[in-house]
Amino acid sequence: MLLGVDVGGTFTDAVLVNSGMIIKQAKVKTTQEEVLQGILQALDIVLAGSEPSVVSRVVVSSTIVTNALTEGKTEPVFLAVMAGPGMSTKERFPTEPYLADGYVDHRGKIIKSVSVNEKVFAAMSVGKKVAAVSGKFAVRNQKNEQELRIKLKEAGFERIFVGSEISGELNFVRRTNSAYFSAAVYNKFKEFIGQVEDGIRRRGITAQVQILKADGGTIPLAAALEQPVETVFTGPAASVLGIEALDAPAVNAISLDVGGTTTDIAFWSGGFPLLANKGAKIAGYPTAVRAFHMRSIGLGGDSHIRKTAQGFEIGPDRVGPAMAIGGKEPTLSDALIALGCVSFGDVKKAREAMSFLAETDDTVEEIAEKIVLASVTKIEGTIAEMIREWNLQPVYTVNDVIEGTEFVPEKLIGVGGGAPGLIPVLGMKMGLPVEIPAGAMVANAIGAAVSRPTLTATLRVDTTDGYYIIPEAGIREKIQRDFSRSTAEEILSAWLIEQADKWQMKAKNVEVMAYEEFPTIHNYYTTGKIIYLKMQLKPGILHTVTGREVVF
Amino acid sequence: MKSNLGLVFFPAFDWMISPTHPERQERLLYTRDQLLEEGLFDLEQIREYKPQLAEISDLQRVHIGIPAISRLITPAHLVSAGGCITAADSVMSGEVKRSFALVRPPGHHAMRVVHGIRGFCVINIEAIMAAYLRQKYGVRKIAIVDTDVHHGDGTQDIFYHDPDTLYISFHQDGRTLYPGSGFPNEAGSPAALGTNINLPLLPGTGDEGVHRLFDGIIRPILDDFEPEIIINSAGQDNHFSDPLASMSVTAQGYARLADKLKADIAVLEGGYSVEAALPYVNTGIILAMAEMDYSNVIEPDQTGLRRQDDRCNARVDELIRQIGDLWTNRQKLSREALAKCGDTWSRRKNIYYDEEGISEEQVETVHYCKQCNGYLTIQTAAKNTRFGSQSAFIAIVEESTCPVCRQEAYDEALKAKKTAKWQYVFVQDKTKGNIENI
């Protein structure tokens, strides 16, 4: 059986899934101070009456990394950067970088070897235990980065993250930021997963424990330590996977997970959630962390409602719980309860909450309707921005322009506590049909339980210079002139499968995500070719799950 | 927040003239790599736009294709022209301060009449954009500053009779480089005399000479002309590493030029040092246009860079003096030329299309009118086109053409039709982008 745990801002959910059926589920309050406590509590509920040995895999999705990063509760990082000539690095990284000499050009040629100003190096590294190293075009040649890593190791750093190992894709700034964030949360993350594993083992579960990543894939705890930053934003990812497991839309659709604090919006096409064109942004800084095309807006059941000259303002701050269940201030949930859209708590108190907001002779219903409309309008605005962003995918060929990538939604899917009240109204406004799948209340934990392990890697071949490189693996090998696409695919999939075996991830379905091939020309003669290949262990779900409604 | 720069990036990885031609698929590959690696698309100072597809009518506001423009272009041309239109819209709508259409295929060798491909160009994407700016936004005075190493003979041809379009081109002297034109005496037809400025430089001229020229004559003329919009035909083949030319400009030189020029819209033209120059020149231009620090954008390999010869500055100084005189006296010179030529002015052109071996003979006649801008007639005959030998008579009018001139233009077209001398007789409405087959 698969065990999934999702630690959200408000609730910690756990679910035990067997052959596509939910065997047991639990929902407990998230213990903010000590997340682990809530996790274990939820585990104990779903495991009550079962032998621990029935569990074949545990997947945890947790806000620990997200919270540490977004709240800045991280440790100082020594960031060593080799930017070479090009644009200024000023204000592009979360911390002041140490700028080492050393530069690689776009073809992977080392223009300048590494050299370090010892005095500045020493001054900037004082008091720091973790480090990150990153060089421009290191994905084409890692030599400088590796040398600088050795230098840092000699300087005594306990853990060093390297930009080009996080992603083989171009974007030096994103790789640098990713390496920085991995380092910044490393010790906190290490401690957390240690406790989680310990707690789970103490309950007699011997199955492998994995953690969810932002791209919806899972990875064993030990492997996650190699790149902690990838486990950021797993809550939204879990929610998307939950929808995929419960009721993946066959048409272009938008899913909305209306929680207590936020509403997470994702796009769907052809039965799969869409991955973002670019990596996730963390604390305002772009990273190479692959994530779904999602937005999280500060609007949920517990959102505070304020009256302004322009009308009602919903969120982004959370005051919850609703007055209907004993809260002190009016929330969006109160409006939904007052309208009879959702049924929990004391309707009378919810109506009272609405009348607090009355100014003119509006009825309680009219006020509640205005609040719901304001909420829905805010969501609609975010959806419009997301559509513009999606449609801005790079166009490299005539075909890209003609074929287009326009996203036109045909359906809305609502999950989470606030969805039944809010999403039908949004559907009416947008003229789209709405679906609220059963089992939606613990969708995140279901998503975590059934998600697949994933790995991604890239390979670049330059036959003129006679090498191929897999940055994620730190591999650079000499090659013969004739190098074909199929050879490239063989090499890269073999490495991915080897990695998967190493971490005991049952890997299947290695697929090509991107392929480019260009001839290189010198003085009107073709001198060779450049191949770029990106492959992955396909993310997604192991199998679908039949939901059931449970009243808490 | 309003971004400083709108960027339309379309490298056309599926368009080429031939696999080893300078205009080949991977021309902007290394540039793409550099821009991605620098993280330029993530900057809030830069807003990315996706190119739209231009309409045939957008093309026909400028061009008359023989037998039809639609039969001469590839879909990529509609994207590169469309990319320019997108760039224009981004600025005119106020979303961005200025924009850069980093697109291909290029256009500045494409003339008004098109029989095929010449100088890697079929349609003139800047001219199409200028016509669009006029039609959609009512822009009148436009300056086009061409910083490509080759003379933009296509752009010159299209705007030769238009006093509202100031065309300034500096380039390697035509006696040493394709297309062989672009001398100071090609200054515009009588009514537009002085608004076509050619600044042929000696081979080897570098940053020093180019900036001396810009400060000494280009900036003052631009300030005096007061254009509503400045367009930069941002060719990058004055770079010291360019395989097709012999100049010595660096990425810094180009970036500083973009910074000084402050063009409203830049459009990529030539530049064929695809590995050693384009990645850096484009990064420099983008940063300069986005008002960001570009001082550290330096080619990793400057071994091919030579200091410019003293004669280069001497030529620059001579041009500053000569063109300065022309500019100061242009109105007087224009009046004199108009008085001398009477009601019409003609020029005969022999045009060679290097790419396809087409030779075209053309007689272009400007018909002046006191009530309106007059009209234009063109007789063209070309050999060796992909459609064999072909000929056409063309009369060109616009929305503001007065009824008398419009009637005359149609009469001329009908007269030409009667002679049965021309395979095609067309009347072009430049405003509508409509071509009527008579």
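Predicted model: local features only at pLDDT ≥ 70, side-chain atom pairs only at ≥ 80, totals over all residues.
## Helix α13 of chain A

Helix α13 of chain A runs over residues 419-430. Twelve residues make up the helix. From first C-alpha to last it reaches 15 Å, close to the 16 Å expected at 1.5 Å a residue. A:Gly431 follows α13(A). The phi of A:Gly431 is positive, near 65 degrees.

## Buried residues and their cover

The buried residues of α13(A) are A:Ala419, A:Gly421, A:Leu422, A:Ile423, A:Leu426 and A:Gly427. An α-helix has 3.6 residues a turn, so residues three or four places apart point the same way.

Several elements of chain A cover these buried residues. Helices α9 (332-338) and α11 (364-391) are among them. The cover also includes strands β13 (253-258), β21 (411-415) and β22 (434-435).

## The six-stranded sheet of chain B

Chain B holds an open sheet of six strands. The order is β11-β12-β13-β14-β15-β16, with mixed pairing. At the edges lie β11 (344-353) and β16 (434-437) of chain B, each pairing on one side only. Neighbouring strands of this sheet are turned by 20 degrees against each other on average, direction ignored.

β11(B) pairs with β12(B), residues 358-367, in the antiparallel sense. Ten bridges join the two strands. B:Ser346 has B:Thr365 of β12(B) as its bridge partner.

## A helix on the sheet

Helix α11 of chain B, residues 403-419, packs on this sheet. The helix touches β12, β13 (375-385), β14 (388-397) and β15 (424-429) of chain B. Its direction makes about 160 degrees with that of β14(B).

Conventions:
Residues numbered from 1 in each chain as written. Chains lettered and ligands numbered in written order. Helix = DSSP H or I, 4+ residues; strand = E, 2+ residues; numbered from the N terminus. Expected span 1.5 Å × (residues − 1). Buried ≥ 20, exposed ≤ 12 C-beta atoms within 10 Å, placed from the backbone. Contact = placed C-beta atoms within 7 Å. Pairing = 2+ DSSP bridges. Axes fitted to C-alpha atoms, helices over the stretch in contact; angles between N-to-C directions.
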